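Open the model in your viewer and keep the selection panel at hand. The tour below goes stop by stop, each with something to select and a note on what is there.

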Amino acid sequence: MRKLAYCAGGFSAAIFLAHFLLPARWVLPGALAAVVLALVTLLLPGQTRRRIMVALLSAVIGFGWYAAATAMRLTPAQNVSGDVQTVTARVTEYPVAYERSYGLTVLLTSPDVPNCKARLYAADAGAAALCPGDEITADVKLRPSTLRYGEETDSYISKGIYLIGSVQDKTLERTGVWSRSWLYWPKTVAQSLKASAQAAFPADVLPFAQALMLGDKSALYAQDLDIPLSTTGIMHTVAVSGLHLAFLLGFLRLFTGNRRTTAIIGLPLMAVFVVMAGCSPSVLRAAFMTALVLFAPLLGRENDPPTSLLTALAILLADNPFAAASISLQLSFTSMAGLFCVSGALHRALDARLLPAGTKLSWPRRKVRAFFSATTASSVGAMVFTVPLTALHFGNISLIAPVTNLLILWLLPVAFIGCYLAALLGLVWAWGGMALAWVTAWPLRYIIAVAKVLAKLPGAVLFTGNRMVVWWLVLVYAMFGAAWLISRRRKARYWIPAACSVLALCAVLTVNAVQLQRTSTVTALDVSQGQSIVFSSGRACAVVDCGGRSTVEDPGDLAARKLLAQGHRSLDLLVLTHPHDDHVNGVLRLMHWLPVRTLVIPAAADTTKAPLSDILALAAVNHTTVVRVDAEQTVTAGGISVHLYPEPCAGQEDGSMIVLTSIGDYDTLVPGDVDTTAEVKFLSSCTYPSVELLLVGHHGSKRSTCDAWLDAIAPDAAIISVGYNNYGHPTAETLERLQAHNIPIYRTDQMGDITVHLS
């Protein structure tokens with residue numbers, strides 16, 4: 001069995017090296033280098049030589065397969081012309097509804113375009129009625145999926161999607177049904193269960209129920225329930241994986257009575273479940289490994305966990321080498337690696353202390369201790385290798401995760417099976433499904449409530465935007481790594497690095513608190529084509545605008561992580577210059593992350609339209625004080641003074657404000673999207689100082705930042721908050737005017753977040 005492990009490990013390692021470290025032109029030379037190293041291993045002794053030889057020769061295959069996949073799949077898609085052309089395609093997933101369009105995952109079948117999966121976006125309402133297996137034709141403008149908002153990305157190719165297309169208006173037409181559309185019946189079942197759940201479950205738990213059953217997290221994100229779940233480290237409960245398959249097969253075992261029958265029935269049932277759950281890398285990994293476990297007794301073989309894990313990884317990468325970039329795949333396999341490497345030893349150590357041999361315990365006490373031991377061991381094991389990935393991809397580390405798992409895992413199987421039974425019953429008897437859903441809703445509410453309560457605890461989560469947290473994490477792994485090396489020669493005392501880690505964390509939090517008290521900063525966040533400015537003075541903080549277009553991440557998440565990394569746990573002041581999307585579409589997320597004490601909006605803004613109406617509704621729920629500015633006034637937050645200039649100075653129909661923020665003697669002017677007419681009105685009718693920092697108006701539009709404006713306010717420096725756009729921002733005219741006034745220019749599209757340290 002271990003020969004297969006070395007083979008799969010070498011193949012997989014080559015794929016990861018080719019994708020993340022080697023330039024494309026070095027992939028085939030990498031294969032040649034692996035051949036040379038394989039020849040060198042002939043000098044090594046027997047068993048070692050054989051293992052390394054197998055791994056290296058498998059790596060040669062891995063390098064070759066990655067190069068072949070690039071040539072056969074990726075390169076043809078990158079050579080697509082970009083012109084509008086008529087294409088035929090087969091729908092492979094149910095449409096996903098967005099605010100202004102529908103997303104369709106299709107397999108292109110036209111002879112004049114690459115035969116590959118593509119993601120099409122259509123504004124046509126008829127797209128909503130399409131089903132997997134439907135054949136369509138449309139006029140589409142295609143582009144490679146490796147470019148997103150003008151930057152390289154591998155998020156689409158990791159899912160096997162190589163082209164992105166925009167369907168031209170009213171050209172989408174359903175032309176027929178694929179002759180083998182019956183192959184998509186598991187997706188139809190999943191869609192029926194989703195509809196049944198929507199009819200049966202109460203609205204407050206429906207997003208969590210859908211995510212728990214099928215991994216559909218769209219409603220979870222829409223209601224911002226992902227924030228407490230990710231903060232407390234239990235988002236894995238809605239990433240369908242081995243945990244859910246264990247629940248499913250465990251429930252089946254109650255009726256089959258033996259392992260062999262469970263294997264015979266469970267394998268096809270598991271295959272259907274995998275397709276229903278969307279064939280994500282995490283559920284595919286779990287399915288492959290579970291299948292090997294189920295097949296072992298049928299074939300009379302012993303299951304080997306490392307072999308199972310590496311074989312599953314190799315199978316996924318053989319199907320799509322670019323899946324190496326999938327965050328889901330990385331987290332799934334590293335969590336399982338941690339369970340194999342750490343959880344077993346930790347479980348035995350905890351059992352030795354909590355359930356010592358010869359000690360008589362009552363049945364309840366024994367069960368509680370056994371549950372504590374098993375859950376703690378599995379939680380810590382799953383975190384060992386996933387924490388660095390979580391920190392890298394999501395910028396946070398959940399410290400409360402083991403506690404959360406202890407409080408909820410005992411109830412999760414009941415909730416999972418209850419959701420499925422309620423949805424299935426609802427298909428044949430609506431009232432029965434609703435009754436069972438009402439009962440199942442209570443454990444779901446308990447899990448959500450636990451997550452929300454624990455997410456609010458100080459220190460529940462650390463954010464890597466604080467460099468000291470990053471160095472603390474490096475120190476922790478270094479200490480435990482050293483302890484592991486020592487344990488190979490003599491018994492290691494792991495409590496020593498554990499205690500040192502806790503002391504180091506306390507030191508980091510203390511230093512951060514002291515620094516927060518003494519630090520004042522102004523930060524223009526990189527929210528692409530939008531604006532969000534963070535002002536911090538000691539423990540006081542204020543944000544002017546929070547929005548952006550063409551962003552991979554929500555601007556509210558970016559702003560919240562910045563503030564939380566600094567040590568802020570609430571927001572004193574949130575000022576919205578005007579309610580355009582690129583200035584406010586991240587506000588709701590920001591308000592879900594951090595309580596906002598005071599919200600300031602222009603009095604002339606239309607509060608009946610989204611997103612401002614939604615923002616005010618959430619402010620009412622959170623008891624946020626709302627200030628509607630209809631006259632020049634000043635509001636303060638600690639050492640931050642914010643002077644507000646409303647209409648008619650701005651001259652905007654949407655009620656735009658000009659905002660002057662002062663921290664001590666340092667003045668920052670934020671004019672929003674005002675034009676040159678508004679700038680002239682401001683200069684003639686308002687009192688203002690010369691400023692140290694100017695946020696250039698309207699992202700560098702040629703209709704803003706006139707010469708008279710620059711002469712009057714005389715900024716020492718200018719920041720342009722701008723990103724990928726089709727407007728030509730910042731324009732050459734604006735840049736030339738700033739340069740003519742000898743004003744240093746800083747741009748978020750070139751520099752990322754820009755921070756001015758005042759103290």
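**Before selecting**

This is a predicted model, in which local features need pLDDT of at least 70 and side-chain atom pairs count only at pLDDT 80 or more, while totals for chains, interfaces and linings use all residues. Residues are numbered from 1 along each chain as its sequence is written, and side-chain values use heavy atoms, with hydrogens and water left out. Helices (H or I, at least four residues) and strands (E, at least two) are DSSP runs, numbered from the N terminus.

**Stop 1: an aromatic pair in α1**

Select F16 and F20. Both lie in helix α1 (residues 2-20), four residues apart, about one turn of the helix. Rings of Phe, Tyr and Trp (its six-membered ring) pair if their centres lie within 6.5 Å; planes under 30 degrees apart count as stacked, over 60 as edge-to-face and the rest as tilted. By this rule the count comes to 14 aromatic pairs. F16 and F20 form a stacked one, with 6.1 Å centre to centre and 15° between the planes.

**Stop 2: α4 against α9**

Two packed helices are described by the angle between their axes and the distance between the axes. Axes are lines fitted to C-alpha atoms, for helices over the stretch in contact, and angles run from 0 to 180 degrees between N-to-C directions. Select residues 185-200 for helix α4 and residues 259-276 for helix α9: they pack at about 70°, with their axes 8 Å apart. That makes α4 roughly perpendicular to α9 (angles under 35 degrees count as roughly parallel, over 145 as roughly antiparallel, 65 to 115 as roughly perpendicular and the rest as oblique). α4 passes α9 in a right-handed crossing; a crossing is left-handed if the near helix is turned anticlockwise from the far one by less than a right angle, and right-handed if clockwise.

Now show side chains. W185, P186, K187, V189, A190 and L193 in α4 meet V272, V275 and M276 in α9, where contact means heavy atoms within 4.5 Å. By class, this contact has eight nonpolar, no polar and one charged residues. Here Ala, Val, Leu, Ile, Met, Phe, Trp, Tyr, Cys and Pro count as nonpolar, Asp, Glu, Lys and Arg as charged, and the others, Gly among them, as polar.

**Stop 3: α13 against α14**

Select residues 363-394 (helix α13) and 401-408 (helix α14), which pack at about 140° with their axes 9 Å apart. That makes α13 oblique to α14. The crossing is right-handed. On α13 the contact is made by F371, F372, T375, T376, S379 and M383, and on α14 by A401, P402, N405 and L406. The classes here are six nonpolar, four polar and no charged residues.

**Stop 4: the sheet from β17 to β25**

Seven strands form an open sheet in the order β17-β16-β15-β14-β13-β12-β25, with mixed pairing; two strands pair if DSSP finds at least two bridges between them. Its edge strands, β17 (625-629) and β25 (754-757), each pair on one side only. Strand β16 (residues 596-602) runs parallel to β17, joined by five bridges, and V600 has V627 in β17 as its bridge partner.

In the loop between β16 and α22, find P611. The peptide bond from A610 to P611 is cis, with omega near 5°. Then go to S550, in the loop between β14 and α19; its phi is near 55°, a positive value in a residue other than glycine. Most residues other than glycine have a negative phi, and most peptide bonds are trans.

**Stop 5: the sheet from β18 to β24**

The order of this open sheet of seven strands is β18-β19-β20-β21-β22-β23-β24, and the pairing is mixed. β18 (633-637) and β24 (745-747) are the edge strands. β18 and strand β19 (residues 640-645) pair in the antiparallel sense over five bridges, with H643 in β19 as the partner of T634. Two residues lie between the strands of this hairpin, where G638 takes a positive phi near 60°. β19 and β20 are antiparallel over six bridges.

Finish at P730, in the loop between β23 and α25. A cis peptide bond joins H729 and P730, with omega about -5°.
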